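Please keep the sequence and the model in view while reading the numbered points.

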Amino acid sequence: MTETGRKIRSALMTAAIGDAMGAVTETRSTAQIKERFGGLVREILEPPADNLAHDTSRGHVTDDFSIAYFSLEAFLAADSRPTRELSEEALIRWYDYGDYNRYIGPTTEGSICVLKGIANPRDKRDPLNKIRGQLLCNNARATNGAGMKAGLMGLYNPGNLDQAIEETFVFCMPTHDNTIALAGGCAIAAATAKAMEAGAGYQDVLEAGLYGAREGFGRSKAFARPVAGGNVEKRCRLAIEIGMRHQGDFERAMGEISDVIGGGLYAYEAIPAVFGNIAACRGNLQESVLMGVNGGDDTDTIACMTGYIVGALSASEPFPEEWVDLIDGANGFDIRGIAAKLAAFVEKEG
């Protein structure tokens, strides 16, 4: 297997594992995770009855990895680079598949309903939902839905940060057409693209993430909707500073990142937390993902996004390989197979 193939395989496997692990801890704080599971979670567990993953099987992923997987299937079937048309078709197929709808965010759901030409079910539950969608700044849409799948654009563009950013716009605009969400997505895509580069280190990846956040926000202002919220690049810098300050102290770093940065549904929380975790763990694959799983709040998304970056960076598989078999079986995936197809496409294109 080539170095590119190893990096892609590791990134997809680690992103899926992070999502499946984080699905179990999602919405809880670190203290609640420890109380419910008897300590920090370090493996894929059965979902508890009191979170979104209830009644799913062990190893079931959420919208975070599944949307990227369905999208990757569509791109590869067409022997194509990411296009808006294929991205939209994949979103509709994912939505109609049904297994992952319980996790869908408000931004993604509203956008898919527009694509399908159907009424948004949230309009019935919340009569103001339609009005919010017409506001100049619909700040509730500045969410993680771009970042959660944008690592895929980094895998398509080894070492090419600018093309990863541009293809993130193509891939994510159908659902997340606002400057903050796109800045977050571009941060993850650029960091992953840098991680795909031979010889890259964790500090290179952190700098690439800052570049992606800055360029993603600046470039998208020309065509994306404005929203008001935290500056993704500046909050990434703060998270990195915290992580660097507490290197070697896993729990202290995780606690301060959670307290100061947060790990919530908005792109200016969860995405900076990814970079803080990577800084704190010096890019170590397993520890970075585990910090995402246990840091609290939107844990599945943070661990999944982290997985793309550190998986590509290390090109290794420190988690038990049978976990990938578990995830494949629970979701009907073939992660190794699709990784091999993506590697072949990328190497052909390169």
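1. Leaving aside its neighbours within four places in sequence, T25 is in contact (heavy atoms within 4.5 Å) with I33, F37, V41, N51, V293 and T299. The place of T25 is in helix α1; helices (H or I, at least four residues) and strands (E, at least two) are DSSP runs, numbered from the N terminus. T25 has a relative accessible area of 0% and is therefore buried. The terms for accessibility are as follows: buried means under 20% relative accessible area, exposed over 50%, and partly exposed in between, with a 1.4 Å probe and protein chains only.

2. With one of these partners, T299, the side chain of T25 makes a polar contact through its own side chain, at 2.8 Å. A polar contact is a pair of N or O atoms within 3.5 Å; within protein, one must be able to donate a hydrogen and the other to accept it, and residues adjacent in sequence count only if both atoms are side-chain atoms.

3. A word on the basis of this note. The model is predicted, and local features need pLDDT of at least 70, side-chain atom pairs count only at pLDDT 80 or more, while totals for chains, interfaces and linings use all residues. Residues are numbered from 1 along each chain as its sequence is written, and side-chain values use heavy atoms, with hydrogens and water left out.

4. The overall fold comes next. The chain has 18 helices and zero strands. Its radius of gyration is 18 Å, close to the 20 Å that the globule rule gives for 350 residues, so the chain is as compact as a globular protein of that length. The radius is taken over C-alpha atoms, and the globule rule is 2.2 Å times the number of residues to the power 0.38. Along the principal axes, the C-alpha atoms fill a box of roughly 50 × 50 × 40 Å.

5. Of the 350 residues of the chain, 59% count as buried. Among contacts in the chain with a separation of 6 or more, 74% are made by residues 24 or more positions apart.

6. How many residues of α10 are buried? The count is 17 of the 17, so α10 is largely enclosed by the rest of the structure. At 1.5 Å a residue, α10 should span 24 Å, and its end C-alpha atoms are 24 Å apart, which agrees. The expected span of a helix is 1.5 Å times one less than its number of residues.

7. Helix α12 (residues 232-245) passes the corresponding check: its 14 residues should span 20 Å, and its end C-alpha atoms are 20 Å apart. Within α12, the buried residues are V232, E233, C236, A239, I240, I242 and G243. What covers them includes α10 (179-195), α11 (202-220), α13 and α14 (267-280). At the start of α12, a side-chain oxygen of N231 reaches to within 3.0 Å of the backbone nitrogen of E233.

8. The salt bridges number 22; a salt bridge is a side-chain nitrogen of Lys or Arg within 4 Å of a carboxyl oxygen of Asp or Glu. One of them joins the side chains of R6 and E3, at 2.7 Å from N to O. These two residues are three residues apart in helix α1 (residues 3-25), and are separated by about one helical turn. R6 is partly exposed, at 34% relative accessible area, and E3 is partly exposed at 38%.

9. Another salt bridge pairs K34 with E251, the closest N and O atoms being 2.6 Å apart. This pair links distant parts of the chain, with K34 in helix α2 (residues 30-37) and E251 in helix α13 (residues 250-261), 217 residues apart. K34 is partly exposed at 33%, as is E251 at 39%.

10. R245 and E256 also meet in a salt bridge, at 2.9 Å from N to O. R245 lies in helix α12 and E256 in helix α13, eleven residues apart. Elsewhere, R9, E321, D325, D328 and R336 are linked in a network of salt bridges.

11. A disulfide is a covalent bond between the sulfur atoms of two cysteines. The cut-off used here is a pair of cysteine sulfur atoms within 2.5 Å, and the count comes to zero disulfides. C172 is buried, with a relative accessible area of 0%, and C236 is buried at 0%.
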